[in-house]
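Read it alongside the model.

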Amino acid sequence: MPLKSGYVAIVGKPNVGKSTILNRLVGEDLSVVTPKPETTRNNILGTLTTEGGQVNFIDTPGVHIPHTLLGKHMVRQAKEALQEADLVLAVTVAKRSFDANDLALFDAVRAAGKSSILLINKVDLVDKRLILPLIEKCSQTGIFRDYIPISAKCGDNMKVLSEKIFELLPEGPKLFPDDYLTDKPQRFFLSETIRKYVLNFTREEIPHSVAVLIEEMKTKPKKITHIQATIFVERPSQKAIVIGKRGQMLKSVGEAARKDIEKQLGMKVFLELWVKVYKNWRHDPRAVKMLGYAT
Ligand SMILES: Nc1nc2c(ncn2[C@@H]2O[C@H](COP(=O)(O)OP(=O)(O)OP(=O)(O)O)[C@@H](O)[C@H]2O)c(=O)[nH]1
Ligand SMILES: [Mg+2]
């Protein structure tokens, strides 16, 4: 059998489960998953190598109407992934009928003109009888090669999806070595881990206004890694929330992030977190660039 290989973009609106799907397909917790919309801000490559070939999945930020430079970067990332892809996984969630968001997604996928599969995610949350009419409605559009109801959270139909992906991928040589996993450096995953816990512990506007920068990382061989990171927020009131009463919020975030990072690095970690206000950083080209959100 000839090898299959290519890029597979995972696109859709915020919060539909794109990052959960990437992590399931690759078998690693690469991309941060939270209940909050607009969690993913950068395209994240996750490479899966098997006997049959190599799939280079690209998790993308949720497509939304951007109001900030950060938002524009996010939407641009998703568009770029759509352009680069050999195969597109368009993600929506199971519900009674498609809405305006779904129709916008269908239009974007149609315009990209790529081989595409529609994934109807979160089927664990609905009555299974809703799904067939949805698929029938969608098949009339003629945009997709296939329609697969899945639950990325529970694992339903994920094997069927993997097989379909290999079936539709073009033939070609592997693009990366067999043990290649992602294009992002370690510091990216460390800052994402810290951001994940800020998102998990805070509410309302805070998650959207937070960015994390790893300022310094020093490892004493086989002993301990010292990481110093800054959590940026946009307003003094947000800083007060992230620090919390008597520093309790920052302490909780720090403890949870440190434990997670210790698992990732396989060694003890000393995590030093600072919270700084960078006024309206999401609208500031210099800040957006410094925080890794400029393309
Ligand atoms: N019940 C259920 N929840 C799911 C499923 N897949 C994902 N979720 C949940 O949906 C929420 C969003 O998941 P993500 O994977 O972060 O979604 P996303 O599309 O990457 O979101 P953005 O990065 O914000 O665009 C999380 O709370 C997930 O646990 C599923 O199959 N079933
Ligand atoms: Mg995501």
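A residue counts as buried when its relative accessible area is under 20%, and as exposed when that area is over 50%. By that rule, both S19 and T40 are buried. These residues are taken from a predicted model. They supply the protein donors of the magnesium ion (ligand 2).

**Magnesium site**
- The donor atoms are OG of S19 and OG1 of T40.
- They lie 2.0 to 2.1 Å from the magnesium ion.
- S19 sits in helix α1, which covers residues 18-26.
- T40 belongs to the loop between α1 and β2 (44-50).
- The two residues are 21 residues apart, and the pair links distant parts of the chain.
- Water is not among the atoms, so the site may look incomplete.

**Fold and dimensions**
- Ten helices and nine strands make up the secondary structure of the chain.
- The C-alpha trace spans about 55 × 40 × 35 Å along its principal axes.

**Packing**
- Of the 295 residues, 49% count as buried.
- Among contacts with a separation of 6 or more, 71% are between residues 24 or more positions apart.

**Surface and charge**
- The chain has an accessible surface of about 14,800 Å².
- Carbon and sulfur atoms account for 54% of that surface.
- The chain carries 45 positive and 33 negative charges.
- The mean positions of the positive and negative charges are 7 Å apart.

How values were computed
Residues are numbered from 1 along each chain as its sequence is written. Chains are lettered from A and ligands numbered from 1 in the order in which they are written. This is a predicted model: local features need pLDDT of at least 70, side-chain atom pairs count only at pLDDT 80 or more; totals for chains, interfaces and linings use all residues. Side-chain values use heavy atoms; hydrogens and water are left out. Helices (H or I, at least four residues) and strands (E, at least two) are DSSP runs, numbered from the N terminus. Buried means under 20% relative accessible area, exposed over 50%, partly exposed in between (1.4 Å probe, protein chains only). Contact means heavy atoms within 4.5 Å. Accessible areas come from the Shrake-Rupley method with a 1.4 Å probe; for residues, only the protein chains shown count as cover. Lys and Arg count as positive and Asp and Glu as negative; His and the chain ends are not counted. The place of a charge is taken as NZ of Lys, CZ of Arg, CG of Asp or CD of Glu. Donors are N, O and S atoms within 2.8 Å of the metal (3.2 Å for Na, K and Ca); water is not among the atoms, so sites may look incomplete.
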